[in-house]
Amino acid sequence: MSQQPLLFRLIDALCCLPGVGPKSAQRMAFHLLERDRSGARHLAEMLVAAADNIGHCNRCRTLSEHERCHLCANPKRDESQLCVVETPAEVLAIEQAIDYRGLYFVLGGRLSPLDGIGPKEIGLDLLEQRLAEGAVKEIILATNPTVEGEATAHYIGEMAHQKAICATRIAHGVPLGGELEYVDGGTLSHAFMGRQAL
Amino acid sequence: MTHSSLHPAFILHSRPYSNTSLLLECFTALNGRFPVIAKGVKSKRSETAGLLRPFSPLLIDWRGKGEVKTLTCCEAAAPAIALNKKSLFCGFYINELTMRLLERQGPHARLFELYSASLHKLAGAEEIEPVLRQYERVLLSELGYGLILGQEAETGEPVDPEKHYRYDLEHGPVATTSDAKCSISGRTLLALEHDRQLSREGRREARELMRRVLAHYLGGRPIKSRELFQMQ
């Protein structure tokens, strides 16, 4: 420790990344120092710039370096549809996978009273204001199929209902390419209950 | 492993632990409430992750000598109890009460049974308030804080359904006049004791009494799940 404190401190710092333990952190540190100094400098600059400048969009709460993110600021997006998701990563996932033209609202979590997360902590007061503005005609609840995600969807659904806005929930069921035999019981029963007429 | 060595259990709460594991708070009949780590269940190939959620009757087994155990086996005992909307919020409320009040370890077979029955009743679209009042009352008595509902605190005489009482948290019902603040009718006290049907006014009285008693044992931090009912 006394010989090379900075190296060890770097390895320690790299351990803050998800999925990175001491061994991988050590590999990364040696790679950056021995083979890619300019990459290391660039990485450091980007990290500082991102940590200083990226905040949350004041309309949809996703990560953004401007007050309003590029999706909310885009006049071509359909204001009447609002998709509610738990994390900014899910906004990206939906954007990349489907041709959705509406807007988003990022909760940054889900209702979980046992973790001390109630309606205020996930910005539902902001969502309520947004619904009161009147532009939203359909709210698409894309929270995860966990009990907390389900509770969050019901809560927001009730909010929408009081304002006479249509609330829809994304379907969950058997994954594409999956086989019924190997799907767990809970998923299968959801899939069965959510069946559609052909 | 034989089937009979598995223990009926419910999960009260789960949270992520390291990259692919979950730290669960389990509730079983013989071992009460205790923490268990479910290793590797969040990886894509694991089929257990879908099972390990609150309100699912499970059969589990674990090992470990410390306070935190390691899950070794988990099967579904029955399909998950289908709580939705208001009953789901009630489920959270029951879980929060149990987590906050019930101490870890120690057998709680009666409470476990009632916990399971209460969830089924909530799912069965029964009136929710009697279910919650019964669970609250039994939970308190399991903890040794059982309410005295049937007899007067000072005289020891049986509670009169026609009279009004003020509930002293330490001692029990004390006779008072009907217009006194926070008064509760003898009829409501007796109905609570015997899990009988309550009138609309009686339900309000019972709810306020329980809220006051629970606040006393919960300390300063209020029940977070109540915020979910604001929308109703």
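Let me begin with chain A, where α1 (5-14), α2 (22-34) and α3 (37-53) each supply at least two residues to the lining of the second largest pocket; helices here are DSSP runs of H or I with at least four residues, strands are runs of E with at least two, and both are numbered from the N terminus. Please keep in mind that this is a predicted model, in which local features need pLDDT of at least 70 and side-chain atom pairs count only at pLDDT 80 or more, while totals for chains, interfaces and linings use all residues. Residues are numbered from 1 along each chain as its sequence is written, chains are lettered from A and ligands numbered from 1 in the order in which they are written, and side-chain values use heavy atoms, with hydrogens and water left out.

To stay with that pocket, α3(A) gives the most to its lining, with six residues. The lining has 14 residues, and Leu10(A), Leu14(A), Leu32(A), Leu43(A) and Leu47(A) lie nearest the centre of the pocket. By class, 12 of the lining residues are nonpolar, none is polar and two are charged.

Next, the aromatic rings, of which there are 11 pairs over all chains; rings of Phe, Tyr and Trp (its six-membered ring) pair if their centres lie within 6.5 Å, and planes under 30 degrees apart count as stacked, over 60 as edge-to-face and the rest as tilted. One of these pairs joins Tyr100(A) and Tyr104(A) edge-to-face, at 5.2 Å centre to centre and with 70° between the planes. Both Tyr100(A) and Tyr104(A) are buried, where buried means under 20% relative accessible area, exposed over 50%, and partly exposed in between, with a 1.4 Å probe and protein chains only. In chain B, ring pairs link Phe10(B), Phe27(B), Phe112(B), Tyr115(B) and Tyr135(B) into a cluster.

What about the cysteines? Over all chains the structure holds zero disulfides, a disulfide being a pair of cysteine sulfur atoms within 2.5 Å. For Cys83(A), the nearest cysteine sulfur is that of Cys60(A), 11 Å away, and Cys83(A) counts as buried because its relative accessibility is 4%. For Cys73(B), the nearest cysteine sulfur belongs to Cys74(B), 7.1 Å away.

Finally, I would point you to Leu22(B), which is found in strand β2 (residues 21-28) of chain B and counts as buried because its relative accessibility is 9%. Leaving aside residues up to four places away in sequence, Leu22(B) touches several others, among them Tyr17(B), Val36(B) and Ile37(B), with contact meaning heavy atoms within 4.5 Å.

Note on methods:
1 Å grid on protein atoms, 1.4 Å probe; cavity = no way out; pocket = protein on both sides within 12 Å on 5 of 7 lines; lining within 4 Å. Nonpolar A, V, L, I, M, F, W, Y, C, P; charged D, E, K, R; others polar.
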